[in-house]
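Me: I am new to this one and would like to learn how to read it. Could you show me and walk me through it?

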Amino acid sequence: MTRLILASQSPARTKLLSHAGIRHEVLVSDVDEDAVQARYGVTDPHDTALLLARAKAEAVASLPEAEGALVIGCDSVFEFDGEAHGKPYTADVARERMLRMSGSMGVLHTGHWLVDCRDTDGDTDGEGTDDGAATARGTGATLGSVSSAEVHFMEMSAGEIETYIATGEPLQCAGSFTIDGYGGAFIRKVDGDPHTVVGLSISTLRALLGQANVGITELWTGGAVDPADVRAE
């Protein structure tokens, strides 16, 4: 059975994969993002997202638990007025950002990095292992891609911003907002893959898996959200 490990502690990313019926495990990386950026000196938001996604994926891929699996690392960076914005962490930073973002537009970059940790000498003759199961050969692939989407914000009042900050939601989100929570009320439209704004593009994941000779349907559990549960009445 093909194993996919998500190298992220983000509840939104694992929820997204679960709702898409994609079987996965979660193994959190111990990456110091500030140290990684200081080491490489990357300032471009697009490249920073990819760099941090790669650092997370490779950190988890080096662990014994990742042996025989595919590891996907992700990181999101919000670009606004030519500046890169990660998580604000504090109310003051979130407030300053949201006041500037009100009625404006920015670009959310989500970097994806896939590492194939499967044995490159896997059994491909159909005879299988001792338990009779065939083992797919790994490709040794380590590759990445960035998915970007324009996010257009509605005008936000000072009161709405304060109430939103009080929920705590924007403090742990790249750019101080999220589309799949309270913050969705302030997003007028998204130009691009909306999953990118959540933090993981399913279509980008499919493309990366394809380059590692894995079809995304191999990871389907049959447990995707029932359309009847989300259909508008």
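**Reading the structure step by step**

Me: Let me start with Glu 79: is Glu 79 buried or exposed, or something in between?

Reply: Glu 79 counts as partly exposed, because its relative accessibility is 25% and that class lies between the buried limit of under 20% and the exposed limit of over 50%. Keep in mind that this is a predicted model. Glu 79 sits in strand 3.

Me: Which residues does Glu 79 touch, apart from those up to four places away in sequence?

Reply: Glu 79 touches Pro 45, Gly 106, Val 107 and His 109. With His 109 there is also a polar contact between the side chains, at 2.7 Å.

Me: What does the chain look like as a whole, in helices and strands?

Reply: The chain has 8 helices and 7 strands. Of its 233 residues, 43% count as buried. If you take the contacts with a separation of 6 or more, 71% of them come from residues 24 or more positions apart.

Me: Now a helix, please. Where is Thr 48, and which residues is Thr 48 in contact with beyond its neighbours within four places in sequence?

Reply: Thr 48 has its place in helix 3. Its contacts beyond those neighbours are Gln 37, Val 42, Thr 43 and Val 77. Thr 48 counts as buried, since its relative accessibility is 3%.

Me: How do you read empty space in a model?

Reply: Rolling a probe the size of a water molecule over the atoms shows where empty space is left. Here the largest pocket holds about 1,000 Å³ of space. Its lining is made of 39 residues, and Arg 13, Lys 87, Gln 172, Cys 173 and Ala 174 lie nearest its centre. The elements giving two or more residues to this lining are helix 1 (11–19), helix 2 (33–40), helix 3 (45–61), strand 3 (70–80), strand 4 (83–85) and helix 6 (194–198).

Me: Which element gives the largest share of the lining of the largest pocket?

Reply: Helix 1 does, with 4 residues. By residue type, the lining divides into 16 nonpolar, 14 polar and 9 charged.

Me: Where should I look for Ser 201?

Reply: Look in the loop between helix 6 and helix 7 (202–211). Ser 201 counts as buried, because its relative accessibility is 0%. Its side chain makes a polar contact of 3.1 Å with the side chain of Ser 203. Setting aside neighbours within four places in sequence, Ser 201 is in contact with His 112, Ser 147, Asp 193, His 195 and Thr 196.

Me: And the backbone: what is the phi of Tyr 89 and of Ser 176?

Reply: Tyr 89 has a positive phi of about 70° although it is not a glycine, and Tyr 89 is found in the loop between strand 4 and helix 4 (91–101). Ser 176, also a residue other than glycine, has a positive phi near 75°. You will find Ser 176 in the loop between helix 5 (158–166) and strand 7 (187–191), and Ser 176 is buried, with a relative accessible area of 0%.

Methods:
Residues numbered from 1 in each chain as written. Predicted model: local features only at pLDDT ≥ 70, side-chain atom pairs only at ≥ 80, totals over all residues. Heavy atoms only, no water. 1 Å grid on protein atoms, 1.4 Å probe; cavity = no way out; pocket = protein on both sides within 12 Å on 5 of 7 lines; lining within 4 Å. Points joined across faces, edges and corners; volume = space filled by probe spheres on them. Nonpolar A, V, L, I, M, F, W, Y, C, P; charged D, E, K, R; others polar. Buried < 20%, exposed > 50% of the residue type's maximum accessible area, 1.4 Å probe, protein only. Contact = heavy atoms within 4.5 Å. Polar contact = N/O pair within 3.5 Å; in protein donor to acceptor, adjacent residues only side chain to side chain.
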